[in-house]
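Open the model in your viewer and keep the selection tool ready.

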Amino acid sequence: MVDHDTLIDRLCEEAAPVRRVASIWRRTLVWVPVALALGYLASGLVHRTATDWHAPMAGIAAVNIGLSLAFGLAAFAAALSMSIAGSIARIKIWGLAIIGGWLALSAYSIGISAQRAEHSGEGSYCFTFVVIAGVPMVAVAILALRRTRSLRPVRSLGLAGTGIAFLSFGLLAFCHPVALSAADFVGHLAAGLSLAGLTIAIGLKAVKV
């Protein structure tokens with residue numbers, strides 16, 4: 001018969017101290033700036049032209065940046081939360097309001113573009129920029145999730161990839177015309193889906209328990 005007292009004593013002697021995981025928002029505010037810095041450096045591989053902040057509708061670009069970065073933060077935080085056993089990760093009502101505002105702003109910008117023949121759209125450029133800026137941020141997201149791993153790795157990685165996509169959209173808005181063509185918007189969505197898929201494909205083995 002197994003001596004339970006001896007077994008318990010042995011486990012107590014061999015057990016190593018467990019370092020408490022920092023709060024979700026603290027981890028988010030540490031990892032996201034690192035991701036953005038690497039994404040910005042990587043975007044230097046693509047030709048960049050600064051947004052004309054003196055243009056009449058430059059405020060639209062500023063709002064776009066704010067909404068994109070805000071939803072990127074929310075999705076990244078939700079991914080980290082989902083990776084902790086027992087936690088419930090939800091994009092709260094304010095997160096849904098942000099994505100709704102982003103979609104409405106995109107629709108408005110496409111309407112402006114339809115009235116401006118000089119901006120016909122460069123969907124391929126948008127796709128390339130978002131993916132190149134996003135790839136190093138995907139690596140950061142996987143490292144952040146690897147700290148706790150996840151019982152639902154596909155969902156955690158999918159949320160993380162979505163957050164990375166929106167962070168990339170925020171960076172793109174710094175060097176994108178105010179008007180947004182339909183081709184641009186399709187390029188954004190395609191790049192975002194590609195980043196989410198890439199995050200899942202690369203990180204699944206590293207993140208799952």
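**Stop one: α3 and α5**

Helices α3 and α5 make a right-handed crossing. (A crossing is right-handed if the near helix is turned clockwise from the far one by less than a right angle, and left-handed if anticlockwise.) This is a predicted model, where local features need pLDDT of at least 70, side-chain atom pairs count only at pLDDT 80 or more, and totals for chains, interfaces and linings use all residues. Residues are numbered from 1 along each chain as its sequence is written, and side-chain values use heavy atoms, with hydrogens and water left out. Helices are DSSP runs of H or I, at least four residues, numbered from the N terminus.

Look along the pair. The axes of α3 and α5 lie 9 Å apart, at an angle of about 30 degrees. Axes are lines fitted to C-alpha atoms, for helices over the stretch in contact, and angles run from 0 to 180 degrees between N-to-C directions. α3 and α5 are therefore roughly parallel; that term covers angles under 35 degrees.

Select F76, A79 and L80 in α3, then A141, A144 and L145 in α5: these two groups meet, with contact meaning heavy atoms within 4.5 Å. Six nonpolar residues make up this contact, with no polar and no charged ones. Nonpolar means Ala, Val, Leu, Ile, Met, Phe, Trp, Tyr, Cys and Pro; charged means Asp, Glu, Lys and Arg; the others, Gly among them, are polar.

**Stop two: α5 and α6**

Now select α5, residues 123-146, with α6. Their axes come within 8 Å and cross at roughly 135 degrees. That angle makes α5 oblique to α6, the class left after under 35 (roughly parallel), over 145 (roughly antiparallel) and 65 to 115 degrees (roughly perpendicular). This crossing, too, is right-handed.

On α5, show residues including Y125, F129, M137 and I142; on α6, show partners including L157, I164, F169 and L172. The contact divides into 18 nonpolar, three polar and no charged residues.

**Stop three: the cavity**

How many cavities of 30 Å³ or more does a search of the whole structure find? One. A cavity is a set of points on a 1 Å grid over the protein atoms alone where a 1.4 Å probe fits but cannot get out; lining residues have an atom within 4 Å of a point.

The largest cavity holds about 200 Å³ of space. Select N64, A173, H176, L180 and H188, the closest to its centre of the 16 lining residues. Then colour α3 (58-82), α4 (93-114), α6 (153-172) and α7 (182-207), the elements that each give two or more residues to the lining. The largest share, four residues, comes from α4. By class, the lining has eleven nonpolar, five polar and no charged residues.

Conventions. On a 1 Å grid over the protein atoms alone, a cavity is a set of points where a 1.4 Å probe fits but cannot get out, and a pocket is an open set with protein on both sides within 12 Å along at least five of seven lines; lining residues have an atom within 4 Å of a point. Grid points are joined across faces, edges and corners, and a volume is the space filled by probe spheres set on the points.
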